[in-house]
Amino acid sequence: MLCWVLFLDKTEPTISITVVGASGDLAKRKIFPALFVLFYEDHLPKHFTIYGYARSKLTDEELRNMISKTLTCRIDKWGNCSDKRDQFLQRCFYHSGQYNSEENFSELDIKLKEKEVGRLPNRLFFLSIPPNIFVDVVRCVSRCTSSATGWTRVIVEKPFGRDLESSREMTKSLQQYLTEGQIFRIDHYLGKELVENLSVLRFSNLVFEPLWSRTYIRNVQLIFLEDFGTEGRGGYFDSYGIIRDIMQNHLLQMLALFAMETPVSLDAEDIRNEKVKVLRSMRPLQLDDVIIGQYKGHIKGGKSYPAYTDDPTVPKDSLTATFSALALFIDNARWDGVPFLMKAGKALHTRRAEIRVQFRHVPGNLFKTNFGTDLDKATNELVIRVQPDEAIYLKINNKIPGLGMRIDRSKLNLLYATRYSNAIPDAYERLLLDAIKGEHRLFIRSDELDAAWALFTPLLKDLEEKKTVPELYPYGSRGPIGAHYLAAKHNVRWGDLSEENPEVSSYIPIHRMVE
Ligand code: BG6
């Protein structure tokens, strides 16, 4: 054994990945499966070890049993999946410890060193734990479990505070123990295929970039809908609400990527510099540009759907928003006056996340007599459907073949499932791989986080201080009617709803667009 150790190449790296909070839901559902896919597809370095760390007393074997249930062979269902699964599980171990115990983290350090012996040790920690214990864990990691000669990186995931002040507090505390370069703040929407593709679509296609401004774009809509409620997560959700849970991060990140200026390069700092500029150019949010809603119980087809406040972990008089729609503006030369509408909600009629770009009317349109009076319906619309059924499509006007001149709305449709045979990676696969490579492009820098909170905090405080009562909407519906009035106020109609009901010109009378 000793001789063998002497022959090891000490410059050859090995990576130890520790999932802190290994018995939690996120770890089981997302992190271990993502690590397995990376292993299965040979993306993990040759030498690696995975450790689960949590308070429960488990053996290595029990951890393996626990995680093996969620590992799937996505690509090659009939191939050597079970062999690969066994090989992967043999490299997974468990250490039980308290989250604030330097002693327990030192014990982990000894175990990691045993596996790393003779190689250059790099260490990655994924904190899959509640944010109130982030700092304890980071302190223990930095004092007792950092790599002495290789790198040490820590992945954290939202919530990063609940307002500007608490987020700054958390950033400051984390930076006591880690440099900004060691911190990888996840927003898993940045790891989604179509969100990553946004820059490719825009910056590598001549047909889009010249149109990407107030000159040609009438409005942009960022939409997140879920067809299930907070089932089981009411406790967490009630102190955050939909604005903090989805809008301040996932939708705002998509907006920043969509609206940023061309970065100097694809380097992480260049991209993040441009995103921060967008966030800092945003007009303060006005209370009358926001509507909030909360789902109520509903009986449909003999089945009863619960109200948000039926969740036993939610107070009966909760005013927490499970739906919100907002109008945002970017006060810069490119986007001056263009409404960016956001809509996010739980317990709605469908599940989808998408960006919709509605273009202006064609000036002096030759065919206007063929479109009837509703010219809004004849404008081009570009839809980037993030999920499900990933697609990019452009709605155009086209002549229906035949004699005469009938025009319809058709789609130039890039449906991923038809065009590409490769499976779309889960966001966590991409993000874990990037963290292993030290690539920060898809992670949130502290000044970005700060700018995002600076935008939303005054609004959130206002809503809370005024005890704004959310508009109730039935579980499984299209959400509160207030969202339509908000859109109409800005001469916008929600593209998702018009698409579902092409014959209905609008849910409410829409003011004519003044161009
Ligand atoms: C999380 C939110 O960040 O994103 C959840 O906390 C939400 O409330 C989830 O359900 C949605 O993620 P995805 O990838 O399923 O769209």
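Across the whole structure, a search finds 3 cavities of 30 Å³ or more. A cavity here is a set of points, on a 1 Å grid over the protein atoms alone, where a 1.4 Å probe fits but cannot get out. Grid points are joined across faces, edges and corners, and a volume is the space filled by probe spheres set on the points. The model is predicted: local features need pLDDT of at least 70, side-chain atom pairs count only at pLDDT 80 or more, and totals for chains, interfaces and linings use all residues. Residues are numbered from 1 along each chain as its sequence is written, and side-chain values use heavy atoms, with hydrogens and water left out.

The largest cavity holds about 160 Å³ of space. It is lined by 17 residues, and those closest to its centre are Lys158, Phe160, Gln248, Asn249 and Leu449. A lining residue has an atom within 4 Å of a point. Two elements give two or more residues to this lining: α10 (241-259) and α15 (446-465). Of these, α10 gives the most, with 5 residues. Helices (H or I, at least four residues) and strands (E, at least two) are DSSP runs, numbered from the N terminus. By class, the cavity lining has 9 nonpolar, 4 polar and 4 charged residues. Ala, Val, Leu, Ile, Met, Phe, Trp, Tyr, Cys and Pro count as nonpolar, Asp, Glu, Lys and Arg as charged, and the others, Gly among them, as polar.

Now turn to the largest pocket. A pocket is an open set of points with protein on both sides within 12 Å along at least five of seven lines. About 1,400 Å³ of space lies in the largest one. Its lining has 43 residues, with Leu26, Arg29, Glu157, Arg233 and Tyr428 closest to the centre. The elements giving two or more residues are α2 (25-40), α10, β14 and α14 (427-437). The largest share, 4 residues, comes from α2. The lining of this pocket divides into 19 nonpolar, 9 polar and 15 charged residues.

What takes up the space of the largest pocket? The ligand does. A molecule sits in a pocket if more than half of its atoms lie within 2 Å of the grid points. Around the ligand are Lys158, His188, Tyr189, Lys192, Phe224, Glu226, Arg233, Tyr236, Asp245, His250, Lys346 and Gln387. Each such residue has a heavy atom within 4 Å of the molecule. This shell comprises 3 nonpolar, 3 polar and 6 charged residues.

Side chains also make polar contacts (pairs of N or O atoms within 3.5 Å). An oxygen atom of the ligand is 2.9 Å from a side-chain N or O atom of Lys158. For His188, such a distance is 2.8 Å. For Gln387, it is 2.7 Å. Taken alone the ligand exposes 400 Å², and the protein buries 81% of that (Shrake-Rupley method, 1.4 Å probe).

Finally, the backbone. Most residues other than glycine have a negative phi, and most peptide bonds are trans. The bond from Lys158 to Pro159 is cis, with omega near 5°. Pro159 is in the loop between β5 (152-157) and α7 (164-177). Gln387 and Pro388 are also joined by a cis peptide bond, with omega about -20°. Pro388 is in the loop between β14 (381-387) and β15 (391-399). Ala347 is not a glycine, yet has a positive phi of about 55°. Ala347 lies in the loop between β12 (340-345) and β13 (352-359).

Terms used:
Polar contact = N/O pair within 3.5 Å; in protein donor to acceptor, adjacent residues only side chain to side chain.
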